[in-house]
Number of protein chains: 2
Amino acid sequence: MSRRIRLEDVAAEVGLSRASVSMVMRGAPGPSADTVERVLAAADRLGYRPDRAASALASRRSRMIGVVLEVRSTFHAELAEEMLAAADRIGYDLLLGPRTPHRDEARAVESLLDSRCEALVLIGTEAPVERLVALDRQVPVVTVGRRMPGATLDVVRLDDESGVSGLVRHMVGLGHRRIAYVRGHDAVIAADREAGYRRAMSEAGLEPHVVAGGKDAEDGVASARSMLAEALPTAVLLFNDQAAIGFMSELARAGVDVPAQVSVAGFDDSPLARLGPVALTTVHQDVPGLTRHTLELIGERLDGGRSARREVVITPEVVVRASTAEVAGI
Amino acid sequence: MSRRIRLEDVAAEVGLSRASVSMVMRGAPGPSADTVERVLAAADRLGYRPDRAASALASRRSRMIGVVLEVRSTFHAELAEEMLAAADRIGYDLLLGPRTPHRDEARAVESLLDSRCEALVLIGTEAPVERLVALDRQVPVVTVGRRMPGATLDVVRLDDESGVSGLVRHMVGLGHRRIAYVRGHDAVIAADREAGYRRAMSEAGLEPHVVAGGKDAEDGVASARSMLAEALPTAVLLFNDQAAIGFMSELARAGVDVPAQVSVAGFDDSPLARLGPVALTTVHQDVPGLTRHTLELIGERLDGGRSARREVVITPEVVVRASTAEVAGI
DNA sequence: TTGTATGCGTTATCAG
DNA sequence: CTGATAACGCATACAA
């Protein structure tokens, strides 16, 4: 384990002071073109890489943005990937703060803060709003994917309500009248999506039928079982794609054909939606759009001097695939 | 944005020196029980959190382990989650270094090193062996999931070859004789799995039939298309679950029944395998086992003074599910 | 058991 | 345009 190359080593190599080399390394104005070239060459030759800890300490800036996510979620992962590139473009680095069943959101946030992140992106946060507002006083916070009722926070999200409404209208357009909704348990998102369902059903003059569910494939399986035990509607909307996939697989096992007998739709347009034997009709999450707006908000707060909070709402699109069809026997 | 609480603030609060507070904070022996209590109370009251950058700089230790992974992969994500907990137990923190199509492995490694990671875990690395050996001279490296032919490196992996052999034997036991293998394009893993296939086929006195494929669902779809255009074997093994899922979904679209007409198997036992309408027979990746061994190796290198390199090979188990059945019409 | 002094690798201010 | 030099927040050997 050889010692790390320091600024001083590079300075010695080119016969300059550490200060000059430092300026060159971070592209500060000052050094002559000739100096820049020599320093860069020497740094490259020696394999010098600036020490982030030292740099952060001295500059009081880490140039890092913390992202709290659920690594398990492919949707979160997609967002993180996209944000990685976007952050790079505005000269920041991303620090991932994974949230798991054994490591709650608060812990992830603490860890990110310990690492001196200058701003925080919370994907699909489940923390109470007051806590987030408090956090936002320490460091700029942007929440992604969830409405923040009555809070002054930066938010980037899909219009969940209109997404599900669109799904209902799609079903109605196919002639369905018995359309059920299997809700998630999340406080806000689930409520919004359910509201979209209820609104669209009422607009179509139909009776809503909401049942409890969840966000995982297993939840979808369970929902299917209980629905099979009772009467099956002609169309079922589920909280998200995961649940919808589980739901469909259980129907398949029971010999119920999708979409011939039952039309099914999810939400998220996760990679899973395209994958199965029956491609899922769903609501598209605009990952590049969410990402772009998120990093714009952060850029404005960090480098643009904005202080007022903003909310960006993206109107989502329904993606029609093979899991929905005209209602049978009408 | 209020100023951060420093060690000094806590020291002032309790009327002690920074040194004493520092000892208390990191649980160093020395301070009296009474002092510890007072300091901890004050730190808590003020909301003090040690600054990692400063701490790393001063102690020349970051207590961080870098993990290079593909965030998109649910298997990698599962490993990362598990490692997070395991690292915590031995007093380390994990730093995730995502590898994406726009951010190659070398870049992820550099970033992790810039953050002073003391050891690196490379999940499913695709880097050339020589590069890894060179890297291992800078910092302890453990590669997960891939054999490192002829290299002195710490490796934790499944016995891919025997995994696929087991799958073949399972198929043979079900009466299959025309068993095809759709390989991946990875240099080492794909070769190992293919070797396992060839060995088991030869042991069963069967003629091997290997076709090109890939690791994504789309690759599986493509494989299915080309196989449907030609003659379909009675059993098909695919490089991994993703490919197998894509393969099965394309078969379903073409009206081919799995497992009645064709038996299909994957590799990885990813969450996907259990999900679809037809649960996939596959080879189980022992995530807790891989994790435990990985962190053991790291602990030994970092705190145990081990210098010789070790390889840990886990014998994987075949998980039989619904996608394989006795060969039809025999 | 507690305090003092020094250093960690950078950045940034201010002379030259 | 370049070079000293003082922070940055904390850890640690050593002294008290």
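B:Arg49 is partly exposed in this predicted model, at 32% relative accessibility. Its side chain meets that of A:Glu110 in a salt bridge, with 3.6 Å from N to O. The pair crosses between chains. A:Glu110 belongs to helix α6 (residues 105-114) of chain A, and B:Arg49 sits in the loop between α3 (33-46) and α4 (52-59) of chain B. A:Glu110 also counts as partly exposed, at 35% relative accessibility.

The count between chain A and chain B is 10 salt bridges. Another pair links A:Asp88 to B:Arg107, with the closest N and O atoms 2.9 Å apart. The interface as a whole brings 50 residues of chain A into contact with 50 residues of chain B. Interface size is often expressed as the accessible area lost when the parts come together. Here the two chains bury about 4200 Å² between them. Carbon and sulfur atoms account for 57% of that area. On the chain A side, A:Glu81, A:Asp114 and A:Leu275 lose the most area to chain B. Together these residues make up 16% of what that side buries.

Salt bridges were also searched for over the whole structure, and 66 were found over all chains. One of them joins A:Arg6 to A:Asp9, with the closest N and O atoms 3.9 Å apart. A:Arg6 is partly exposed, at 44% relative accessibility. A:Asp9, in contrast, is buried, with a relative accessible area of 17%. A further salt bridge pairs A:Glu203 with A:Arg199 at 3.5 Å between the closest N and O atoms. Both residues lie in helix α9 (residues 188-203) of chain A. They are 4 residues apart, about one turn of the helix. A:Glu203 is exposed at 54% relative accessibility, while A:Arg199 is partly exposed at 32%. Elsewhere in chain A, salt bridges with shared partners form one network. Its members are A:Asp136, A:Asp154, A:Glu300, A:Arg301, A:Arg306, A:Arg309 and A:Arg310.

Chain A contains an open sheet of 4 strands in the order β7-β6-β8-β9, with parallel pairing. β7 (209-211) and β9 (263-265) of chain A stand at the edges, each with a single partner strand, so one side of each has no neighbour in the sheet. The twist averages 20° from one strand to the next. Strand β8 (residues 235-238) of chain A runs parallel to β9(A) and is joined to it by 3 bridges. Within this pairing, A:Leu237 has A:Ala265 in β9(A) as its bridge partner. Helix α8 (residues 160-173) of chain A lies across β6 (179-182), β8 and β9, at about 170° to β8(A). Helix α11 (residues 241-253) of chain A packs on the sheet as well, touching β8 and β9 at about 155° to β9(A).

Chain B likewise has an open sheet of 4 parallel strands, ordered β7-β6-β8-β9. Strands β6 (residues 179-182) and β8 (residues 235-238) of chain B pair in the parallel sense over 4 bridges. B:Tyr181 has B:Leu237 in β8(B) as its bridge partner. Helix α9 (residues 188-203) of chain B touches β6, β7 and β8 of chain B, and its direction makes about 165° with that of β6(B).

The largest nonpolar core holds 95 residues, of which A:Leu237 and B:Leu237 touch the most other members. Contacts of A:Leu237 include A:Val164, A:Leu167, A:Ile179, A:Tyr181 and A:Ala265. A second, separate core has 39 residues, among them A:Leu135, A:Val141, B:Leu122 and B:Val129.

Technical notes:
Residues numbered from 1 in each chain as written. Chains lettered and ligands numbered in written order. Predicted model: local features only at pLDDT ≥ 70, side-chain atom pairs only at ≥ 80, totals over all residues. Heavy atoms only, no water. Pairing = 2+ DSSP bridges. Helix = DSSP H or I, 4+ residues; strand = E, 2+ residues; numbered from the N terminus. Contact = heavy atoms within 4.5 Å. Axes fitted to C-alpha atoms, helices over the stretch in contact; angles between N-to-C directions. Core = buried A, V, L, I, M, F, W, Y, C linked by side-chain atoms within 4.5 Å. Buried < 20%, exposed > 50% of the residue type's maximum accessible area, 1.4 Å probe, protein only. Buried area = accessible area lost by both parts, 1.4 Å probe. Salt bridge = Lys/Arg side-chain N within 4 Å of Asp/Glu carboxyl O. Lists of a residue's contacts leave out its neighbours within four places in sequence.
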